[in-house]
Amino acid sequence: MSNANRKNQGCNHMTCRSCKHEFCWLCKGDWKLHGTATGGYYRCNRYDENLSKGGSLSEEEQRAEHAKNELQKYLHYYQRFDNHTKARKFAMRSLDKTMSRMKSLQDLKGGCFNDVSFLEEAVQTVIVCRQLLKWTYAMGYYMEPNTKEKNLFEHLQENLEKNTEHLHELSEKPLEDLVSVEARTRIINFTRVTNKFRKNLMQGIEEGLTQT
C-alpha cells in the first residue's frame with residue numbers, strides 16, 4: 001500500500017501520516033521554516049530571478065540556460081496559480097457543507113445561529129481571497145523583476161497569502177476545536193484581518209504600486 005501523502009483539504013500546511021513531519025505542500029519545505037522568524041509563511045511566493053549559473057558560457061549554453069530559467073519561472077507562477085485554483089474549489093465544496101457544520105456546532109455549544117455564522121463568513125472570505133491570489137500570480141509573472149513596484153506587490157501578496165492560508169486552516173478544523181469562545185474570536189479576528197490585507201492588495205494594484 002502506498003504511503004504517499006495526498007492533499008484532501010484546502011490549506012497548504014501538511015502533516016505526513018507516517019512520520020508526522022510537517023511541511024508546505026506548495027514548496028515542500030519544512031513548515032517550521034515558514035514562520036515569521038524566517039521571513040514569513042509565504043516567502044516561497046517569490047521567484048528568484050537570479051538563478052542562472054555563473055562563469056563563462058558559450059552562446060549556445062547561454063540560450064539553453066535562458067530557456068531553462070524561463071521554464072522554471074513559468075512553472076513557479078503556474079503552480080501557485082493552479083494551487084489557489086484548487087484550494088478555492090476545496091473551499092467552495094466545503095461551503096456546501098458549512099450550513100450543516102454550523103448547525104452541528106450550534107448543537108455542540110448552544111446559543112443562536114448568529115453565534116456560529118463566523119464559520120460561513122470565514123469560508124466566504126477564503127473563497128474571495130483565493131480568487132484574487134490566483135490572478136496575482138498571472139500578474140506577477142509579467143512584472144519587471146527587482147523593482148520597487150514588484151517588491152511592494154510581493155509584500156502585499158505575501159501578507160494576504162499567509163493570512164488566507166491560516167484562515168483556511170482554521171475553518172477546516174474539527175467542530176470540537178471550534179466550540180470555545182477563544183476559537184470563535186480567533187476566526188473572527190483572522191477573517192477581519194484577512195479582508196483588510198485583501199483590500200490593501202487591491203488598493204495597491206489600483207494605485208499602481210507606487211505607495212510606500
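Let me start with Tyr74, which has a relative accessibility of 42% and therefore counts as partly exposed. Keep in mind that this is a predicted model.

What does Tyr74 pair with? Its ring forms an aromatic pair with the ring of Tyr141. The geometry is edge-to-face, with 6.3 Å centre to centre and 85 degrees between the planes. Tyr74 sits in helix α1, residues 59-109, and Tyr141 sits in helix α2, so this pair ties together parts that are 67 residues apart in sequence.

There is a second pair to show you, Phe81 with Trp135. Here the ring centres are 5.1 Å apart and the planes stand at 80 degrees, so this pair is edge-to-face.

How many aromatic pairs does a search of the whole structure find? The count is 6. Ring pairs also join several tyrosines into a cluster, made up of Tyr74, Tyr77, Tyr78, Tyr137, Tyr141 and Tyr142.

Now to helix packing. Helix α2 covers residues 118-142 and helix α3 covers residues 148-171. Their axes come within 9 Å of each other and cross at roughly 150 degrees. Because the cut-off for roughly antiparallel is over 145 degrees, α2 is roughly antiparallel to α3. As for handedness, the crossing of α2 past α3 is left-handed. Sorted by class, the contact between α2 and α3 has 12 nonpolar, 7 polar and 4 charged residues.

A few words on α3 by itself. From first C-alpha to last, its 24 residues reach 35 Å. That is close to the 34 Å expected at 1.5 Å a residue. Is α3 mostly covered or mostly uncovered? It is mostly covered, with 18 of its 24 residues buried.

How far is Met139 from Phe153 in space? C-alpha to C-alpha, the two are 9.7 Å apart, and in sequence they are 14 residues apart.

To go back over the two pairs on the screen: Tyr74 with Tyr141 is edge-to-face, and Phe81 with Trp135 is edge-to-face.

Definitions and conventions
Residues numbered from 1 in each chain as written. Predicted model: local features only at pLDDT ≥ 70, side-chain atom pairs only at ≥ 80, totals over all residues. Heavy atoms only, no water. Axes fitted to C-alpha atoms, helices over the stretch in contact; angles between N-to-C directions. Helix = DSSP H or I, 4+ residues; strand = E, 2+ residues; numbered from the N terminus. Parallel < 35°, antiparallel > 145°, perpendicular 65-115°, else oblique. Left-handed = near helix turned anticlockwise from the far one by under 90°. Nonpolar A, V, L, I, M, F, W, Y, C, P; charged D, E, K, R; others polar. Expected span 1.5 Å × (residues − 1). Buried < 20%, exposed > 50% of the residue type's maximum accessible area, 1.4 Å probe, protein only. Phe/Tyr/Trp six-rings, centres within 6.5 Å; stacked < 30°, edge-to-face > 60°.
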